[in-house]
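Please read the following report alongside the sequence and the three-dimensional view. It takes up one topic at a time.

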Amino acid sequence: MNEASPHYAETWKKPPFIKSSLLRYLIYLGTVTYFFLAIYTMDVNWTRVAEGIPRGMDMISKFFPPDLSDSRGVILDGILESIWMAIISTIGGVLLSIPIGLGAARNLAPTWIYLFCRGIIAVSRTFPEVILAIFAVKFFGFGPFAGFIALAIGTIGFWAKLLAEDIENMSKSQAEAVRATGATWLQWINYAIQPQVLPRMIGLSLYRLDINFRESAVVGIVGAGGIGAHLLTSVQRYEYATTATILFAIIAIVITLEYSSGYLRKWVQ
Amino acid sequence: MLRLENLSKRYKTGDLALNNVTLEIPDGQLVALIGPSGAGKSTLIRCVNRLVDATTGTIHLGDREITGLSNKELRRARRRMGMIFQEYALVERLTLMENVLSGRLGYVNFWQSLFRKYPKENVREAYRLLDRVDLMHMVDKRADELSGGQRQRVGICRALIQDPELLLVDEPTASLDPKTSRQIMRLIRELCEERKLAAIINIHDVALAQMFSERVVGLKLGEIVYDGAPEGLTPEVLTEIYGEEDWEKTIEKVDDEDDMPNDGEMA
Amino acid sequence: MPTIETKEGPLWRKRTTLKQWLIWGGWLIGLCIAVYAWQLISEKTIWMFVWDAPRQMSDIGERMVPPDWSYMPKLWRPVWDTLNIATIGTAIAMCLAVPIAFLAAHNTTPHKSVRAVMLFIIVATRSVNSLIWALLLVVIVGPGVLAGTIAIGIRSIGGCAKLIYESIEEIDPKQVEAIKATGGSRAQQMVYGILPQVLPTIAGVGVFRWDINVRGSTILGIVGAGGIGIQLSASINVLAWTQVTTILIVILGTVFVSEYISAKVRGAII
């Protein structure tokens, strides 16, 4: 087409992700410095690590094959306790979350309720379940009840937050249409809000059940019931065969729960 | 020259997509491949560069047999065939330049491509092609920032930088509006003429096929039912290919309705 | 939505009768499970302690205020350790999770058996809480930050690799096909066709996981694996409640800051 061939450049460089070169080099420098300092300040006792290697090997050898005989029946007992704790804390947590989630939705609640409910959510989200469990044990004594309380509070932080966000993001036109019919507040929730958010919230409850089971396996370490206590003692007494059995049991249950909850979620939606 | 002999393809599902197709395309010829959905058009051009493996039959490009090549030889064979896709198939998150240069992947080694160290003449050629299709000002833009017509022009550049002997073009206009469709088809034809390239173009739009091609091949249920000049597409022939319909109007003027862009969303 | 013919005319129902029964049955089963679970838990509960809880709460609550700010200077080092555990742990996990994810995704895996092994690694590492990994690692490498870092790393491999391999499986295959058609090798198809599509996900997953790990690494000290958890459990053990309050406030602040940073970085990436 055009005979006079113009000169084209012979090199090309991909434009960098961060446009400003100063900022780019500062970020590189900062990253390198940080990792250097982080690793430099990490106290590692290498002789202790070297001593631990054979012990680690011993532990791993106990895992293959795992000893699945539960001679005293305590493992099964602990696992079941964890499962029931996970179930009841999910149910309890969800029931508590409904009012808090409604209160934390900006388009439903007056400001002071909104701030109060958001505060509850923020606190229960920030602290890991294990810290909540430490306090629950102090207040309610050792045993699964403390675990139940800790996990239920953890559930609130997760479930109520997502419920509130869901409500804030839902379709306005549907909500207004129902309100326009002259419905009361409760009717309005029932007809306009509930159908829009229900299927997803059931799915999230099942997902939370997964999480709660995983957590219920560790809160026992601080005395809040479930399999965690046995796990801790088995490690402390160097009974690695028992440790291996418990780990395999946890993994197996998590896989089962994940598959069945995935299946249930599909069925619900 | 491309030669297909007794080519058949049966998918695992049992569908016979191509049935004993024999076709010869001389150098520099622009062939439009028409036919209803599911006639095997797409399968046919994918068999040529072996994105789909034919069940039986042979394909020759020049004197080289494409069927039965080893992986390494196949890579070499593929770079002689440029392909242009329906939905453009650009790598959305890469820049235009990277998308065009990716046409050279069959030539450069892995490390060159990883660090974007392409030979000088490749980069120069990429700039030249992008200038040719009027996208010089967008070299460093990402592909997902472009309009449909612009994307397809990048797709054409990517195919041409391979320095191919043959272009395989799969529904190039199916996602474009009527005006852009014509511009793209005209561009493809001009470029084929400039470079004496042979091309197979799958196309739904019979009128566009007639406007821009030298030869039309009609495919129905995996078999060739028409092979000849665009002028030979009489209503009888079209009925044979597509089934009963009032074809008179289609032949006279382009049926634009199928190509309308999809912007029926509510405000 | 069916209607039932009655003498008074059609009667509207939201669902068919069978479906309604199934739903009621489902709720009933759920209720039974809840009641049974509750009974089991309450059997193992000493209710005297529970009824005593309000008194305990007000008692400990009183002893927790005011926070002991003089304890603050001793907490900077544990906070630094906690952040390092999370950051280095996440970095190690990401380095391993990306290749594992590519080997696990069905469209990039070299072989079915490799995929099966990788899926097992993913599920095994993410099923087990980082606190349990820390418990085991303290036995192997000794108490301290190293055990915590490795624990966070192991737990995060599965967590990150799962999200990454799912996004690899959801890529647009046409872009890869186009690269294949130019004659690109398998490795080139990955670098040009797949990697650009999943890179934002990989970056997002890393930042997301880092945020979770900051929270997770605050408790590892309970089993001796470094970080601020050591101070927390020590203060609780000696009933130094005003120090506990200070530690909780510091944890709260750290988690808020990390959440803010991760939201900002994710916003910048995507």
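Why is α6(A) largely enclosed by the rest of the structure?

## Helix α6 of chain A

In this predicted model, 21 of the 26 residues of α6(A) are buried, so the helix is largely enclosed by the rest of the structure; a residue is called buried if 20 or more other C-beta atoms, placed from the backbone, lie within 10 Å of its own, exposed if 12 or fewer do, and partly exposed in between. Helix α6 of chain A covers residues 144-169 and reaches 37 Å from its first C-alpha to its last, close to the 38 Å expected at 1.5 Å a residue, where the expected span is 1.5 Å times one less than the number of residues. Helices (H or I, at least four residues) and strands (E, at least two) are DSSP runs, numbered from the N terminus.

## Basis of the model

Residues are numbered from 1 along each chain as its sequence is written, and chains are lettered from A and ligands numbered from 1 in the order in which they are written. Because the model is predicted, local features need pLDDT of at least 70 and side-chain atom pairs count only at pLDDT 80 or more, whereas totals for chains, interfaces and linings use all residues.

## Contacts with chain C

The contact between chains A and C takes 43 residues from chain A and 43 residues from chain C, two residues being in contact if their C-beta atoms, placed from the backbone, lie within 7 Å. Among the elements of chain A that each supply at least two residues to this side are α3 (74-103), α6 and α8 (185-216). The chain A side divides into 31 nonpolar, six polar and six charged residues.

Chain B also meets chain C, with 23 residues of chain B in contact with 18 residues of chain C. The elements giving two or more residues to the chain B side are α2 (71-78) and α4 (110-114) of chain B, and that side divides into nine nonpolar, six polar and eight charged residues.

## Strand β3 of chain B

Strand β3 of chain B (residues 30-34) is mostly covered, with five of its five residues buried. B:Leu30, B:Ala32 and B:Ile34 point one way from β3(B), while B:Val31 and B:Leu33 point the other way.

β3(B) pairs in the parallel sense with β8(B) (residues 198-202) over four bridges, and likewise in the parallel sense with β9(B) (residues 215-220) over four bridges; strands pair if DSSP finds at least two bridges between them. The bridge partner of B:Ala32 in β8(B) is B:Ile201, and in β9(B) B:Ala32 stands opposite B:Val216.

How values were computed
Ala, Val, Leu, Ile, Met, Phe, Trp, Tyr, Cys and Pro count as nonpolar, Asp, Glu, Lys and Arg as charged, and the others, Gly among them, as polar.
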